[in-house]
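Let's walk through this model together, beginning with a ligand and the residues around it. After that we will turn to the contact between the chains, and then to another ligand.

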Amino acid sequence: MKILVCISSVPDTTSKITFSDGDTKFNTDGVQWILNPYDEWYALVRALELKEAGGGNVTVINVGGPDNDAIIRKALAVGADDAIRVNSNVTEPFQVASQIANAAKDGGYDIIFTGKETINYNGSNIGGMVAELLDMAFVSYASKLEMSGNIATIERDIEGGKEVVEVKTPFVVSASKGLAEQRIPNMKGIMMAKRKPLNVVEEVPSEARRAIQKYILPAPKAAVKLISPDNVEELVDLLHNEAKMI
Amino acid sequence: MAVLVYIETEKGAPKRNGFEAASYAGKHAANTGNDCIALTLGEGDDAELAKLGAYGVSKVIKIDDARLNSFDSKAYAKAISEEAKVLGIHTVIFSQSANGKSIASRVAVRLQAGIVSGAVDVPDTSNGFLVKKTAFSGKAFAFINISSENKVVAIVPNSFGIHQGSGSASVEKGSVSLSDSDFSVTVKEIKKQVGDTLPLPEAELVVSAGRGMKGPENWGIIEDLAKVLGATTACSRPVADVGWRPHHEHVGQTGVAIRPNLYIAIGISGAIQHLAGVNQSKVIVVINKDPEAPFFKAADYGIVGDAFEVVPKLTEAIKKLKSA
Ligand SMILES: Cc1cc2nc3c(=O)[nH]c(=O)nc-3n(C[C@H](O)[C@H](O)[C@H](O)COP(=O)(O)OP(=O)(O)OC[C@H]3O[C@@H](n4cnc5c(N)ncnc54)[C@H](O)[C@@H]3O)c2cc1C
Ligand SMILES: Nc1ncnc2c1ncn2[C@@H]1O[C@H](COP(=O)(O)O)[C@@H](O)[C@H]1O
């Protein structure tokens with residue numbers, strides 16, 4: 001089975017979020033970039049497990065500049081066989097999806113994995129877009145995926161429960177928590193990753209349909225109102241009469 | 001040019017997030033001097049669908065093809081896009097539910113539309129089409145301008161609210177027809193969690209607890225509190241990871257992002273990754289025995305105390321209020 005896993009580079013989850021250039025740009029000073037957790041922990045690991053069980057090949061793909069090679073090597077260290085980086089600085093979702101679809105269209109992939117969402121843009125857009133561009137089925141928020149021949153049984157998260165679906169390859173699937181267990185790369189993996197192929201391909205023209213104009217931070221919270229543990233009635237009163245929540 | 005809003009239904013009636021999407025689309029349509037048309041897929045009960053009229057919708061179009069009774073992003077996206085083309089629509093609105101998000105992206109491709117998902121307010125059309133969305137997992141907001149002629153917006157549940165007015169919408173059948181090859185997945189089963197509270201992404205009241213509870217056997221007091229409030233329960237990540245609570249209760253950056261009206265956090269330290277998923281709650285109450293717990297900085301009300309003593313007292317006090 002040929003599997004493609006889309007991986008993105010995101011600010012570390014503890015990053016302080018600040019903006020520059022009149023709040024039009026994310027300030028990347030001192031920001032540590034990591035593999036998007038959904039891509040690394042769930043999508044990539046489930047892809048590797050499928051390969052280990054049934055044979056095949058796992059390729060990772062990233063749309064980004066040379067700075068992203070570090071996170072791509074990390075994915076190779078976790079166990080991917082090879083990597084594609086589409087050399088581009090686009091971040092607009094349709095443009096990113098266009099690059100992935102173009103690179104994937106002749107690859108004969110049976111499954112294309114994405115993460116549920118990136119933790120910086122939180123679009124949840126790329127998977128559906130790639131599926132539409134390649135005219136494939138798309139199953140979002142998979143928390144369980146089993147293959148039997150060319151048929152996958154997938155459990156996906158929906159509000160208040162799970163939906164179980166069946167889909168034939170080829171398809172696109174986005175990974176949410178539970179799909180697999182995070183793997184920490186070992187020394188051997190890290191050494192081997194250095195020799196694995198990382199193919200850089202040039203971007204194709206794509207049209208930007210939206211642009212970020214500015215960022216703002218949420219208004220700071222007023223100081224907390226502390227209530228004595230011996231007077232929970234006061235909290236109930238505040239929630240009832242002041243906040244009007246109960 | 002009319003605004004189209006896709007409405008999710010259950011047993012033929014709009015879901016709760018559908019009323020919110022209708023309110024949002026209705027407001028946007030009113031702001032721009034347009035009509036708001038709603039679209040439903042699969043079986044639809046005309047009397048129930050007509051109720052969307054009270055939320056700003058003038059007309060409901062239903063494509064009541066029985067094959068659309070179960071969800072398939074490919075077929076759904078085709079049906080919505082084709083109907084939008086027939087109607088000459090340029091703007092399509094979705095609720096950012098599990099299903100809504102996956103079709104919105106596909107519809108955007110089909111309509112060559114710029115898309116903003118994660119929207120939390122109606123578009124500002126005074127100079128372009130500027131949409132406010134969440135970014136950096138709730139740690140910031142971005143304003144994004146859609147420049148293409150066609151536009152798709154998906155709104156975060158509970159961000160705009162349900163705004164009920166009066167009126168009733170007409171219900172018509174749509175003109176789009178699908179072929180079997182448009183369908184690509186087969187739904188085998190839907191497993192609903194037991195319980196009668198709202199699912200987390202839609203919940204208005206949430207009671208959440210963390211490692212401070214010491215063990216799963218102690219969750220009774222959390223459930224009792226949630227019960228008197230009619231709240232949904234949630235938890236921090238480590239609690240779900242070790243199996244004290246089910247995975248679907250995990251909120252935060254790598255779990256479910258929520259924005260209830262009231263979030264009560266018990267025995268949770270308030271790590272940045274936890275806050276990322278809950279800091280858009282309207283009111284936050286923190287109960288923690290450590291006065292230095294970072295969560296107090298994000299809280300509106302706080303009690304520094306032992307959860308095992310405070311929570312049962314709180315439950316009793318709320319019971320008293322409710323029975324007064
Ligand atoms: C990449 C990444 C992603 C992550 N994503 C998430 C996420 O999505 N969601 C999430 O929650 N975490 C996430 N985390 C983990 C996060 O960093 C914290 O470790 C976690 O939130 C801590 O959970 P906790 O507050 O329950 O436990 P702890 O940090 O152990 O805190 C327990 C709290 O309980 C209090 N306490 C103890 N006993 C009592 C008592 N008797 N009464 C009252 N209070 C008491 C303590 O004072 C303490 O503040 C992520 C971490 C990483 C690295
Ligand atoms: N630049 C990128 N290169 C490769 N894959 C990406 C990129 N950006 C996003 N993705 C994939 O798309 C998923 C969803 O991203 P998003 O739509 O931005 O929330 C991520 O989890 C990745 O799997």
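The shell around ligand 2 is made up of seven nonpolar, nine polar and two charged residues; here Ala, Val, Leu, Ile, Met, Phe, Trp, Tyr, Cys and Pro count as nonpolar, Asp, Glu, Lys and Arg as charged, and the others, Gly among them, as polar. Before going further, please note that this is a predicted model, in which local features need pLDDT of at least 70 and side-chain atom pairs count only at pLDDT 80 or more, while totals for chains, interfaces and linings use all residues. Residues are numbered from 1 along each chain as its sequence is written, chains are lettered from A and ligands numbered from 1 in the order in which they are written, and side-chain values use heavy atoms, with hydrogens and water left out.

Which residues come nearest to ligand 2? Of the 18 around it, they are C6(A), D39(A), T118(A), S124(A) and N125(A), where a residue is near if one of its heavy atoms lies within 4 Å of the molecule. A backbone N or O atom of C6(A) sits 2.7 Å from a ligand 2 oxygen atom. A polar backbone atom of I126(A) is 3.0 Å from an oxygen atom of ligand 2, and for G123(A) the corresponding distance is 3.1 Å. On its own, ligand 2 has 480 Å² of accessible area, and the protein covers 93% of this (Shrake-Rupley method, 1.4 Å probe; for residues, only the protein chains shown count as cover). The elements of chain A that give two or more residues to this shell are β6 (57-64), α3 (93-104) and β8 (111-115), and β6(A) provides the largest share, three residues. Helices (H or I, at least four residues) and strands (E, at least two) are DSSP runs, numbered from the N terminus.

Now for the interface. The contact (heavy atoms within 4.5 Å) takes 86 residues from chain B and 78 residues from chain A. About 7,000 Å² is buried between the two chains, with 59% of that from carbon and sulfur atoms; buried area is the accessible area (1.4 Å probe) that two parts lose on being put together, summed over both. On the chain B side, R106(B), F136(B) and Y301(B) lose the most area to chain A, together 11% of what that side buries.

How many salt bridges are there between chain B and chain A? The count is nine, a salt bridge being a side-chain nitrogen of Lys or Arg within 4 Å of a carboxyl oxygen of Asp or Glu. K313(B) and D230(A) meet in a salt bridge at 3.9 Å, N to O. Helix α4 (residues 98-110) of chain B gives the most to the side that touches chain A, with nine residues.

Ligand 1 lies between chains A and B. It is surrounded by 28 residues, with R211(B), S236(B), S269(B), Q273(B) and H274(B) the closest. By class, this shell has seven nonpolar, 15 polar and six charged residues. A polar side-chain atom of K214(B) is 2.8 Å from a nitrogen atom of ligand 1, and a backbone N or O atom of S269(B) is 2.7 Å from one of the ligand 1 oxygen atoms. The protein covers 81% of the 1,000 Å² of accessible area that ligand 1 has on its own.

Notes:
A polar contact is a pair of N or O atoms within 3.5 Å; within protein, one must be able to donate a hydrogen and the other to accept it, and residues adjacent in sequence count only if both atoms are side-chain atoms.
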